[in-house]
Structure formats: C-alpha cells, structure tokens
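Here's a quick tour for anyone opening this structure for the first time. Have a look at the sequence and the model, then read on.

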Amino acid sequence: MQGRRLRTAVAIAAVTALAVGAAGCAESERDGDSGEAKTGGTFIFAGAGDPKNFDPIFNDDGESFRPIRQMFDTLVTHKPGTAELTGGLAESWEHDESGKVWTFKLRQGVKFHDGTPFNAAAVCYNFDRWYNMKGAAAQANMIYYMDTFGGFAKNEAEGAGESVYNKCEAKDDGTAVLTLNKYKGAFPGAFALTSLSIASPEALKKYDADTVTQNGDSFAYSAFANEHPVGTGPFTFGGWDKAKGEITLNRNPDYWGDKAKVDKLIIKIIKDENTRKQELRAGTVHGIDFPAPADRKALADEGFQVIDRPAFNILYLGINQKNPKLKDLRVRQAIAYALNRQQLVQTKGPGGAKVADELMPDTVLGYAPDVQKYEYNPEKAKQLLKEAGAENLTLNFYYPPDVTRPYMPNPQEIFTILANDLQAVGIKVNGVPRPWNGGFKDDVQTFGKHDLHILGWTGDYNDPGNFVGTFFGRAKAEFGDQAMTDMFDAITKADGTVDEAGKKAAWEQVNRDLASKWLPAVPVWHAPPAIVVTKDVDGLVASPLTDERFNTVSVKQ
Amino acid sequence: MLRVIVRRLLQLVVTLIALSALIFIWLRNLPGGPVDALLGERATPETRALLTKALGYDQPIHVQYGKFMQRILTGDFGNSIRTGDPVIEVIGRAFPATVELALAAMIVAVGLGIPLGYLAARWRGRALDHLTVVGTLLGISIPIFFLGYLLKDVFTQNIHWFPPSGRVGIGLDNTNITGFFVLDSLLTREFDATADALWHLILPAVTLATIPLAVIVRMTRASVLDVLNEDYVRTAEAKGLRHRTIRGRHILRNALLPVVTTIGLQTGALLSGAVLTEKVYNWGGLGTLITDSITGSRDYPVLQALILLAALVFVVVNLLVDLSYAFIDPRVRVR
C-alpha cells in the first residue's frame, strides 16, 4: 500500500518535472542565444489591448493603430522621431493658391502586399471610398475621417456638415489631384493620419471592406478588416490568433522603404500593466509601452532601455464657465496663479516633463513665446479672488482615478496636488473621482457637470488646429456651452488662413488671447511618454506621435 | 427522477429570463457605456449621436430589451462591440481556456484535498492534522489575487521556474483544434507544446485551486471524522473486515457525499475565482473576458451572454450534483 502511494507520488512529481524541465530547456535555448544585432528573428512587443480591427479608416485608437502602422502607409508621413512631415507614399505634394487643390506626386514601383500596383487610381479609390461610405454603422466608426473632412456624400448623422472633400483625379499613374471644397489648416498634416492610410483597392473590393453590419447593439466588420488587411507597409499580415492574443506580422521583402530587419513581428496582447512588466523582465517580450512613472527608474536600473518620446501632448486643467463665478476672467486667472505647476512637474511628472505655458507644444506652428504666463503666485490669486468677490468659492473638481494616459500617468496624484494648491488660496475643492468610462467622459464632455477637470491630448499631427482647434474651435460642454464666439471665430479664421506667414501669425494671436483674454483652461505640463525595450533591441526610433514603425528594429540573436 | 429533472429545467428557464432582464437593465443604467468606450477624445457630438443611434441606445429600454430577447430566442447573441466578432465565437474561444484552467485546478484540489482531509481525520490531533487545519485556514483566508501575484512574483520574477502569463509561449506554433491546448497538443502529438502548455498551467491552476482545496480538505476531514464514529464502522471493524474494505466501502464512500456537494459548489465558485486568476496570469478565458467587457469596452452583448452562461453553468452543475447523490447514495434513488 505504502509502495503504491509512493509510486503515485513519484509519477506525479515526474510529470511535473517533465513539464517544467522540457519547457525550461526550451527557455534555456532561447536564453542561450547571444551575439550581435542582425537581421532576422522575431521582435515581440506587448500591446495593452485588443485592436478593434485592421481597416485603418474604422479605427481611432492606439492599440489598433500599432499593428496597422506596420502594414499600411500614408501619403505623407513623419520623419522618424519627429513630428515633421516628410514624403510617404507621395514623394512630394503642393497646393494651389486657394489651398483647395492638392497635387501629390506618388512614389513609383510600389506594390501592395497582394501584388497589385500602388498608383494614383488606388489613392483616389481610397478617398472616394471614404467619402461615399454608406450606412450609419460605417460612418459612426470613421472618427478621424469625420474630424478631418466633416461629412460624407450622404450624411447619416444629423447635424453633420458638408464634406471638405470634393473629388480626386488620377492625372496619370504617378499624380493624384485632390480637390477640396475649402481650405483646411489640418492639411497636409492630416494626410499623415493612420486612419487615412492607403489600402489595396483590389483587396478592399474582394473582401467586402465597406460592409459594416449592425447586429443588435453591435457591429460586425468585413473580412478585409479582420483577416485580409492589405497595405504597402514593411510588414504583411500573418494572422491574429485571438485565443492566444497574438498578432503576427511578417517581413515584407518587397517593401519600398527600409525593409524590416526582423523576419517576424508579434504583438502580444497583455492587458494587465504589471504582467506586461513581468513578461519584459522574464525576457519573453522585447518591449512595452507607457511604463508607470514609478517604474521608470527601476526598469532603467535593471538595464532596460527607457526611451522618452519627445513630448507632443498637453495636460490641462479645464475650467467650466457654466458656473457663473468662473465666467469672471479674474477667477480663472486666480486659479492659474494658484497652481504650483513647477513643483508638480518636479514631484509627479514623468522624467523630462516640463511646465506648459500654452495649450500646445512649442514645436507646433503658431506657438507664441510671448503669451501671458502665470507663475506660481498665491498672493496674487487671493487678491484676484477678492476683487472678483469669489473669496468663498467652492468648486467640483472631476478627475478619472482609474486610467493612465500618455499625458496623465497618475491622475489621482495630479488631482491631489492641484487641489491642495487651490485650497491654499481659499478655494474649497470637492474632489469628484469618476471612472474614465464610468462617468468621467460623460459628466465632463457630454453633460458638463464639473467646475474643474483634468484632461489632455496627444497630437495626431503637427498642426495648431489639432490642439487648440480641437479644444476650443466650437462650443463644448467641457468648457461651458455659452457662446465664446470671438474665440471660435478667431480659431476658424486661423485654421482657414492659407499662406504660411499669415497662418503662423493668426495662431500666435490665438495663443496669446487664449492665455490672456479667454483662459478656458490652464495648461499644466507636456509629458514625454516612454517606451521600454530590452537591451537586446536596437534601432527603435521613438515617435512623439507614438507612431513607431518597427521596420528599423533588430533584436540580438 | 425525470420529474425532478424537468422541474429543475423549468426553474432554470425562469431563472435565466429574470436574470437576463436584470442584467439588461442594470448594464444600461451604469454611468458611461459602449459609446463612450468606443469613442476616444476625438469624437464630435454628431458622431457620438450617430453611434448612439446606430447601436440602438436611443430607443426606450423596453424596446431594446424586446429586440434583445427576440435575438436571443433565435440563438443570436449579437457581436462584440469591441471587435465585431460574433459573441458566441468570442465566448467559444475563451471557454476552453477557463475550462482547462478550472479542470486543472479541480484536479489539484480534489487530488490533494480528499487524501489530505482523510489523512488529517485519521491522524486527528497529530502534527499532520494541525498542519492541515492551519494550512486550510490560510488557504481560505488568503485573497486569491494576492496569492496569484505572490506566486507569480516568487516563481516567475525571482526564481524563474514558470512563465509570468499566457497559456503557451509567445509565438509557439501549436495546432488549435478544440481550444484546449493541452489536449490539442496531445492529439496532434506536439509534445513540446504539451510541456509548454502544462508549464504555463501550473501556477494559475495552483492559485485557483487554493480555496477549493482548503474547503475540500476541511469538508473531507469533518465528514470522515463523523463517519469514523458511526456504529457501522465499529461493527465492520468488530466483524474483522479488512481495513482496506472498511476505508473504501464504509468510511470514504459515506464521507464523500457532502464532499461531492462541496466539489459541485466549488466548481461554480471557480468561475468567480477564475476572474481574478485569469486577470493575474493574462489567461484569456471567460474571467478575463468578463473583466475586459466591464472595465474596458463596456461590451454589453458579451457581458450579457457571459453572465447568462455563468448562471447556466452554475445551475447545471448543481443539477448534476443532485443527480450524483442518487448514484452515490442508493437511498436517494429509492426516495
């Protein structure tokens, strides 16, 4: 009897040891590799969430864009590591005097992954596809298109305006001419939007890309979007194993630009932040995004490469002028003077963060160096509150404690410090924590229930309209629904100014007025979001727009 | 027996209908929602309104519920709001992961729990008994997510015996037939993949097994102690029956009845434990799906189907437990 028990115990131990041992051996073989960085191998990056699908036009979030950017190209792109525009699928571009007619000279000899040629007809097919998209389900998912072009051939949304897009003509294989109904300052920057990537017309047709079907309270996307995304990018689609949470992309040997150095790119979806970090430490993934500020130093000390992206974002303290007390400019200025932003940056800012004086980074056209600045001055804040008769002010301060954003890695701590500063000048603060998707966005952006809130933005492309135009170009519940028409008009005018010098001057004036006359929000900081890779990784170029292309990456074999 | 089954099945239908209404109304009254979750900071009010309309959230809740029930009755649970995949497909992918984990946890819990409980009872008052009592108390009291993170930290970050997360190694080219990775790799004779899948399974299974293991040990110990004092055991010993026969036929068989009930209840409870365990180990099963559907994209269709499925599993498992009484205890059959 004893013998049998012992045998059973030994058998169990043996099976366990076999499993651990065999897998351990596999691991040892992986660990045993060392040497020079060279081409080949696999680069594994940890994603934080499922992509929605791979059809660029129906996506607007970073987790979907990460794989899409490896498979698709845009007409215009950014110089690696900067927000500066350079040629993508278009080698050059120009617009006429009116700013309405854009001519793109296209790169020759480029092929889509399915072997079909990239040419002007393909470019126009894509623009026409977006403009003519039918159905509420499809249109409701084209966030960036809507933001850029403002309408469709037939709008499904009530209140949507006329589209900026008019037509696209293929003059010859290498020349596409885009005609707009009016000039828009977002261009040419917006041509670099990942959503506006150029897809293979043949594949779009073959895999029924335009069919977004509504089923009850959800949508189903096409085979193109899920299984056959075909672009011109440095990687081709290998598959999305949803059971394992792995997206596999393969090197495109025919890529027109710098060919990928690794044979395979795997994006492993790991939703828990702590687990992503542990996988990095275990060496099973080569890179993670957006480490928590508290982990940065430890990771760097452990030998990981913590690469700061140049800051291309803004964190602001929004002020809702629906509260009559906050309509008084002196009260808003008092709030600005009350904040010790320098101390906040030093104590809670990610490495490389800096105090923001304007609501956009200084690398964006129209940044005015001479705006009114609000140095920390609690006495002045108290005096302004007294002058405005707002000495016993009580404000509801909304913040989302449950998320980290590239511009806001630690909302709870940021709130605490800002609230303390405000209390110090006599403003009573009621902190209102609301989950990001459990009331914060609704209460702040739809209903405007707050008095103060923290929020921010990461730029999509290098244009002032993408920062201040987005926030203050129209009435929003976030800042109070009253008609701040002079602000809206000034922004519309700046956005519609065609000549470069005039545009620069107009935006500079907008920034000056935002700081001194309107002050709808207090800029807090620009924070560089980091990306972390193991020491075996070479060639990763961090992008201020989080627009990393992994074709430059190699992994030591 | 047939009447019992029919009655229980009718109860099941009523339970599920009531539950579906509750979930439906509750989800739609939560702050935030899929529209917010789907749209980032960039959406215009027009797009927001269009999406609300396109998803049908602008209609009165009873209309929405009516449509929902219509679809459910035709077996259509809709599509995931996040990825657009049919809900059945999404759940079908996650289901084997959770079952594989739960089965492994149950094998650990039952395989260790019954012998340990039995030995503790047999050697009552001795060191093993004391150790078992303290150990099970610890097992029941330790929060599962804490244990998960603790085990993970020790075994994956410090001594590197196990991988931190996932069901198989990243990039492993294993064949997926049923979604049960261990089974699939055995079927296809990809033994490297079997070892890899088992290697990934051990820590999550041990984590998830902790509470059921502790409960089973305690229940077995208490039950065996009760039975040991029964007259028939004394009689059997007096009759000079072999210890093996007394242990197997008289003690364990009688003592196991409440233990089987416990196992049934614990199997249902494993689902809630799986939510935390899967989160810790990025397991990709139903637990992960539930948390993602609530906290991430507010994926109502997935969430609704999942809660209904969980209720269904719970009720069916308990029905099976009731039926197994008849198998273990002939008196139930007679009654």
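Two residues are in contact if their C-beta atoms, placed from the backbone, lie within 7 Å. Helices (H or I, at least four residues) and strands (E, at least two) are DSSP runs, numbered from the N terminus. What you're looking at is a predicted model, where local features need pLDDT of at least 70, side-chain atom pairs count only at pLDDT 80 or more, and totals for chains, interfaces and linings use all residues. Residues are numbered from 1 along each chain as its sequence is written, while chains are lettered from A and ligands numbered from 1 in the order in which they are written.

**Helix α2 of chain A**

- Helix α2 (residues 62–71) of chain A has 9 of its 10 residues buried, so this helix is largely enclosed by the rest of the structure.
- "Buried" means that 20 or more other C-beta atoms lie within 10 Å of a residue's own; with 12 or fewer it is exposed, and in between it is partly exposed, with C-beta atoms placed from the backbone.
- Among the buried residues of α2(A) are A:Phe65, A:Arg66, A:Pro67 and A:Ile68.
- The cover over them includes four strands of chain A: β2 (42–47), β11 (235–241), β12 (246–251) and β13 (264–269).

**A sheet in chain A**

- Four strands of chain A form an open sheet in the order β5-β6-β8-β7, with antiparallel pairing.
- β5 (90–95) and β7 (165–172) of chain A are the edge strands, each with a single partner, so one side of each has no neighbour in the sheet.
- On average, neighbouring strands here are turned by 20° against each other, direction ignored.
- Strands count as paired if DSSP finds at least two bridges between them.
- β6 (101–106) and β8 (175–180) of chain A pair in the antiparallel sense over 5 bridges, and A:Lys105 has A:Thr175 in β8(A) as its bridge partner.
- Helix α3 (residues 120–131) of chain A lies across β6, β7 and β8 of chain A, running at about 165° to β7(A).
- For these angles, axes are lines fitted to C-alpha atoms (for helices over the stretch in contact), and values run from 0 to 180 degrees between N-to-C directions.

**Helix α17 of chain A**

- Helix α17 (residues 500–518) of chain A has a kink of about 25°, centred on A:Arg512.
- That bend is the angle between axes fitted to the seven residues ending at a residue and the seven starting there.
- Buried residues of α17(A) include A:Trp507, A:Val510 and A:Leu514, and α15 (464–472) and α16 (485–495) of chain A are among what covers the buried ones.

**Chain B**

- Chain B has 14 helices and 0 strands.
- Its C-alpha atoms fill a box of roughly 85 × 55 × 40 Å along the principal axes.
- Of the 335 residues in chain B, 41% are buried.
- B:Ala269 sits in helix α11 (residues 243–281) of chain B and counts as partly exposed because it has 15 C-beta neighbours inside 10 Å.

**Where the chains meet**

- The contact takes 59 residues from chain A and 58 from chain B.
- On the chain B side, α3(B) gives the most, with 7 residues.
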